[in-house]
Amino acid sequence: HELLGISYNSLGHRQQALDPMQACLDLRTKVLPSGHHELWRAKNSLGVCLRDIGQLEEGEAMLRDALAMIVLAEGPEDWDSLLCANNLAVTLVHAGKNEEALELSQTTAEILRRDGSEVDSNLIQTENTLASALFFVGRIEEALELLADVLVRTERSLGPDNGLTLATTQN
């Protein structure tokens, strides 16, 4: 169910993605113990889907719940925690909660930068989110500088036709 939902969502069939993702979460909730990693992954995926169809409050709540579960089980610096934190930050930007999005994306980016990889996909996505939050709180020059830096790094490392490079270019 989850893979079908993710596939629909990535192809832009966002409304069609909702039912399989919800069915996946419902099934996992029935058969898995509370806090199981497959539960938080399903909640993360469903939260993104809800955001993408404009159900921002529901998506935000789902992502907050998923993030709390991941942090409790794996800690705040786990890759899944950081991915979910970025998904929540994107949702907060969409909801106009830019100060909170800025704080969350700054913290997430700082943790990811410690790794030293300039082209980690999670870091690139987080820095794109951070740039959006900076822009919407009025720190436009910082946002543009960050996007320019990310674009140079992704083009150099991944090439101009890579999906992350193209996403950065669109920002």
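Reader: Leaving aside its neighbours within four places in sequence, which residues is Asn-122 in contact with?

Author: This model is predicted. Asn-122 is found in helix H7. Once neighbours within four places in sequence are set aside, the residues in contact with Asn-122 are Trp-79, Leu-82, Leu-83, Asn-86 and Leu-112.

Reader: Is Asn-122 buried or exposed?

Author: The relative accessible area of Asn-122 is 0%. Buried means under 20%. Asn-122 therefore counts as buried.

Reader: Phe-136 also needs placing; is Phe-136 buried or exposed?

Author: Phe-136 lies in helix H7. Its relative accessible area is 52%, and the term exposed applies over 50%. Phe-136 is therefore exposed.

Reader: Which helices each supply at least two residues of the nonpolar patch?

Author: The nonpolar surface patch is made by Phe-135, Phe-136, Ile-140 and Leu-144, and it covers about 400 Å². At least two of its residues come from each of two helices, namely helix H7 (121-136) and helix H8 (140-158).

Reader: Where does Gly-96 lie?

Author: Helix H5 spans 79-94 and helix H6 spans 98-113. Gly-96 lies between them, in the loop.

Reader: How does Gly-96 count in terms of relative accessibility, and why?

Author: Gly-96 has 48% relative accessibility. Buried means under 20% and exposed means over 50%, with partly exposed in between. Because 48% falls in between, Gly-96 counts as partly exposed.

Reader: How many Å apart in space are Gly-96 and Thr-126, C-alpha to C-alpha?

Author: In sequence, Gly-96 and Thr-126 are 30 residues apart. In space, their C-alpha to C-alpha distance is 17 Å.

Note on methods: Residues numbered from 1 in each chain as written. Predicted model: local features only at pLDDT ≥ 70, side-chain atom pairs only at ≥ 80, totals over all residues. Heavy atoms only, no water. Helix = DSSP H or I, 4+ residues; strand = E, 2+ residues; numbered from the N terminus. Buried < 20%, exposed > 50% of the residue type's maximum accessible area, 1.4 Å probe, protein only. Patch = residues over 30% accessible without salt bridge, like charges linked within 9 Å, V, L, I, M, F, W, Y side chains within 5 Å. Areas by Shrake-Rupley, 256 points an atom, 1.4 Å probe, with all protein chains shown as cover. Salt bridge = Lys/Arg side-chain N within 4 Å of Asp/Glu carboxyl O. Contact = heavy atoms within 4.5 Å.
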